[in-house]
Amino acid sequence: MSAPAPSAPAPAGPVVRISGLHKSFGEREVLTGVDLDVAQGEVVCIIGASGSGKSTLLRCVNLLEQPTSGTVEVLGVEVTDPDVDIDRVRAHVGMVFQQFNLFPHRSVLDNCTLAQRQVLKRSKAEAEAIARKNLAHVGLADRADSMPAQLSGGQQQRVAIARALSMDPALLLFDEPTSALDPELVGEVLTVMRELADEGMTMLVVTHEMAFAREVADRVIFLDAGVILEEGPADQVIGNPREERTRSFLRRVL
Ligand code: ADP
Ligand code: MG
């Protein structure tokens, strides 16, 4: 049995609701008022220049960064409320980082079972069965007993995705998941992400892969100097941006 959700996902409500989010580091205000809802099953890609606040925004969703002001709700629970048990909320929000962040001295299978056992209190047998199912899902059924260092970067990132999926997340956050990969390994990770999107996973993805964003995103957000400067369907924001700053960003990355 998994731990109960902080609340059952409200069918009509968004999975994430970010309102008036500000974040400063010392004197420097990095997010200056972000409002963003992500609906159930929606794939939202966040694009923008280096330093525009993309990672900070993502990290505020699961409180890896504490917002300076504003609110973040996940599944209808205000995670920015100091009385909320953030660990219970985090259990439902998977995060995949640029640097896979696998435990180097643990097997692939252990990497995928540790949080299930510690956070969700699943039995060893149940956690392993779920981990193996998700490793199969990302094409790594035969690598359960490998150590991370024995895998390619693309395989390690797929393990990180399987690990996140093993927590039955209501939402997956991806922070430039392919930016650390050799070019020939990017495709296998994007393929897994595309499949998750097709299966209806709710995803918030920071990426520089414009072709992927254009194909997979339901909505693209252009973050500029700590605010959402432009958002809309991928074909509009990437294909026919309204704002000159979006156009100039895209000229640099495309
Ligand atoms: P992006 O992911 O879009 O490249 P970040 O969210 O990582 O941007 O960073 C936005 C700005 O905030 C940058 O200027 C960065 O240096 C600063 N920043 C991020 N994290 C911290 C931190 N922990 N302490 C101080 N400054 C930070
Ligand atoms: Mg970043």
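This text walks through a predicted model, from a strand to a ligand site and then to the salt bridges.

Start with strand β6, residues 93–96. Both of its faces are covered. Val93 and Met95 sit on one side, Gly94 and Val96 on the other, and all four are buried. Strand β6 also has a partner. It pairs with strand β7, residues 171–175, in the parallel sense. Four bridges join the two strands.

Now turn to ligand 1. Which residues surround ligand 1? The shell includes Phe25, Arg28 and Val30. It also takes in the run Ala49, Ser50, Gly51, Ser52, Gly53, Lys54, Ser55 and Thr56. By class, three of the shell residues are nonpolar, six are polar and two are charged. Strand β2 (28–38) and helix α1 (54–61) each supply at least two of the shell residues. The largest share, three residues, comes from α1.

Look at the side chains that reach the ligand's oxygen atoms. An N or O atom in the side chain of Lys54 is 2.8 Å from an oxygen atom of ligand 1. For Ser55, the distance is 2.9 Å. A polar side-chain atom of Thr56 lies 2.5 Å from an oxygen atom of the ligand. Taken alone, ligand 1 exposes 550 Å², and the protein buries 60% of that.

Next come the charged pairs. Side chains of opposite charge can pair when their charged atoms come close. How many salt bridges does the model have? The count comes to 14.

Take Glu188 and Arg158. Their side chains meet in a salt bridge, 2.9 Å from N to O. Glu188 lies in helix α6 (residues 183–198) and Arg158 in helix α5 (residues 153–165), so the pair ties together parts that are 30 residues apart in sequence. Arg158 counts as buried, because its relative accessibility is 11% and the cut-off for buried is under 20%.

A second pair is Asp235 and Arg214, with N and O 3.0 Å apart. Asp235 is in helix α8 (residues 234–237) and Arg214 in helix α7 (residues 210–216), 21 residues apart. Both are partly exposed, Asp235 at 48% and Arg214 at 41%.

Asp224 is buried, at 12%. Finally, salt bridges that share partners join Glu42, Arg219 and Glu231 into one network.

Note on methods. Residues numbered from 1 in each chain as written. Chains lettered and ligands numbered in written order. Predicted model: local features only at pLDDT ≥ 70, side-chain atom pairs only at ≥ 80, totals over all residues. Heavy atoms only, no water. Buried < 20%, exposed > 50% of the residue type's maximum accessible area, 1.4 Å probe, protein only. Pairing = 2+ DSSP bridges. Near = heavy atom within 4 Å. Polar contact = N/O pair within 3.5 Å; in protein donor to acceptor, adjacent residues only side chain to side chain. Areas by Shrake-Rupley, 256 points an atom, 1.4 Å probe, with all protein chains shown as cover. Nonpolar A, V, L, I, M, F, W, Y, C, P; charged D, E, K, R; others polar. Salt bridge = Lys/Arg side-chain N within 4 Å of Asp/Glu carboxyl O.
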